[in-house]
Amino acid sequence: MSKTKRLTVLLSIMALAGSMAAGCSNNSNSGTNNTDAPAANNGQNANQPANEAPANSGTDAATTPSADAPVDGGTLTVGTFSDINSVNPIYIADTASGDLATFLNANLYDVDRSNNLVVEPWSLAAELPTISADGLTYTVKLKPEAKWSDGQPVTADDVKFTYDTIKNPDAGSPGISMVDKVDTITKIDDHTVEFKLKQVYAPFLYSLNASVAPYHILKDVPPTELEKNPYGIDPAKTVTNGPWTWTKWEQGQYLTMDANPDYWGSVKPHIKTVTFKIYADQNTQTQALLKGDIDLVSSVPLTILDTVKAKDNLNVVSEPGPSYEFIQFNFKADNFPDKYVLFQSQKTRQAIATAVNRQGMVDNILKGTGTLLNAPFLPTSWAYDANAAVNYTYDTEQAKKLLAEDGWKPGKDGILEKDGHRFSFDLQYNAGNARREQVAAVVQQNLKDVGIEVVPKAIEFSAWIDQNVTPGKYEAILLGWSLSNPDPDGESIFSSKYFPPAGQNSGWYKNTKLDELWVKGYSTVDQNERKAAYAEVAKEISTDLPYVFLYQYGAPEAFDKNKVKFADADKPEATLSYGYFYHVINWWTAK
């Protein structure tokens with residue numbers, strides 16, 4: 001047997017390409033917090049909280065390629081209702097930042113429509129990685145022509161520095177769980193890097209679908225100071241290696257990017273200037289699209305979806321994407337005024353799950369564009385088992401019974417009390433998200449019906465993620481994950497090894513059985529063994545409930561088909577977390 005195998009062969013053996021195509025931001029349990037849903041862990045592109053679910057491709061665009069020939073120049077204006085935090089690849093953990101980074105930062109490897117790792121003309125890698133027969137050594141070769149916007153070459157030093165930094169707990173990177181199984185990262189030569197793993201770690205392959213940070217800019221910055229460094233925050237001090245450079249950021253208003261005239265790739269961007277305009281909420285940004293002020297939005301409120309669909313010049317699609325929404329409990333006493341964790345009892349959490357009308361949300365708020373979910377595995381994942389997780393049917397009387405059994409009794413004002421503590425808590429969500437505003441109102445009423453007081457609190461997304469979600473400072477939140485790779489590993493979100501700041505378990509949840517099951521699930525490359533482990537995960541997590549899992553959902557995308565152009569091969573891909581900008585380097589705009 002040869003010492004190394006090509007990735008294409010290894011993928012067959014490892015069965016890692018459990019494709020999420022058919023409805024899947026970037027990871028199955030690894031992603032980003034988006035304005036609609038965060039993203040769960042995928043190397044630097046860890047699961048990201050979603051401010052809005054990843055946008056989906058236009059219906060017409062999916063079947064009718066543009067008949068126009070590509071033209072250079074022109075502008076693309078994108079509407080968003082969330083500002084960014086940073087485009088430093090080490091710290092990207094929200095969809096807004098990830099959206100911008102799609103234009104600015106090249107990935108080592110990219111993924112195709114079926115979530116297979118591929119080398120594109122705009123990828124930094126020169127060829128697919130080679131992997132040793134024992135699955136512990138990955139070798140990556142870079143394109144020698146790749147360079148930063150300041151003219152410096154992209155080298156093995158950049159790769160080693162980036163992954164070493166993510167591994168370092170002092171740096172506080174949200175992607176640590178994807179690389180902490182790496183033993184050593186070695187620079188073989190200027191364009192070759194070798195990763196040696198401590199153990200078999202099936203999801204590692206997808207940590208290579210990530211960007212790198214510039215060693216020559218950041219090498220002398222202490223890890224504890226990296227996150228606040230101007231790189232990634234100040235356009236004038238942020239070098240890029242993607243097709244566009246970052247030219248301006250007026251916080252809370254807009255961001256602009258210009259095509260890099262010295263871009264190194266063999267394929268050049270057609271669009272000259274890309275602008276992200278930031279609006280107060282989804283309704284406002286969608287009205288801007290209807291008026292023609294912007295060209296594309298990735299989160300049309302369902303309340304005005306029919307109005308958008310009626311516009312002849314707009315393409316719309318509303319199928320569910322790779323995102324799910326949830327109510328997350330916090331288990332750290334310091335986050336409660338009287339140091340009493342209201343959610344410490346499993347039976348209380350089960351009562352809340354029973355009291356919430358999830359199906360009503362899907363039917364009346366999502367208008368049927370979502371699907372109930374009971375565990376952190378999407379129906380399109382190979383890890384999904386419809387019979388493994390506990391399903392909580394909406395039942396107010398059963399919820400009251402569970403709460404009474406758990407010692408909660410009505411107080412003078414009707415709100416439940418226990419051990420001298422009143423059952424009242426804040427439910428945080430991001431301002432401007434029309435869907436979450438409606439869902440929060442339903443949760444408030446549902447729980448009022450069983451004697452629990454919920455106080456919804458809407459907070460601007462970027463500030464919320466930075467000040468509350470990432471450090472785990474809240475009582476409960478309404479949020480979503482935008483899944484950033486097709487592997488079902490969710491250790492970074494649910495394991496007690498990954499409390500803030502070096503992980504995404506921001507609710508400070510601890511379950512030793514689940515901790516062990518996540519390790520069991522990724523320590524083999526046999527997909528049947530992994531599937532069995534994740535069935536155990538689904539049963540345990542849906543019984544213990546660190547979250548009330550609500551639904552998989554999609555955020556309807558709309559764009560002006562008379563302005564935004566692309567060939568059929570480059571159309572947006574609904575199943576990928578950043579698929580609304582799939583192959584955007586090949587897009588062009590009508591002048």
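Start by selecting helix α3 (residues 95-104): α3 lies across β11, β12 (254-259) and β13, and runs at about 145° to β11. Here the axes are lines fitted to C-alpha atoms, for helices over the stretch in contact (heavy atoms within 4.5 Å), with angles from 0 to 180 degrees between N-to-C directions. Helices (H or I, at least four residues) and strands (E, at least two) are DSSP runs, numbered from the N terminus.

A word on the model: it is predicted, so local features need pLDDT of at least 70 and side-chain atom pairs count only at pLDDT 80 or more, while totals for chains, interfaces and linings use all residues. Residues are numbered from 1 along each chain as its sequence is written, and side-chain values use heavy atoms, leaving out hydrogens and water.

Now show the sheet. It is open and mixed, with 7 strands in the order β11-β12-β13-β4-β14-β25-β15; strands pair if DSSP finds at least two bridges between them. At the edges sit β11 (244-250) and β15 (314-317), each pairing on one side only. Zoom in on β4 (residues 75-80) and β13 (residues 273-278), a parallel pair with 6 bridges. Click G79 and its bridge partner in β13, K277.

Next, pick L208. Leaving aside neighbours within four places in sequence, L208 is in contact with residues including L108, Y163 and F195.

Last stop: helix α9 (residues 358-365). Its buried residues (under 20% relative accessible area, 1.4 Å probe, protein chains only) are R358, G360, M361, V362 and I365. They pack against β17 (371-372), α11 (434-448) and β24 (547-553). After α9 comes K367, with a positive phi near 55°.

How values were computed:
Buried < 20%, exposed > 50% of the residue type's maximum accessible area, 1.4 Å probe, protein only.
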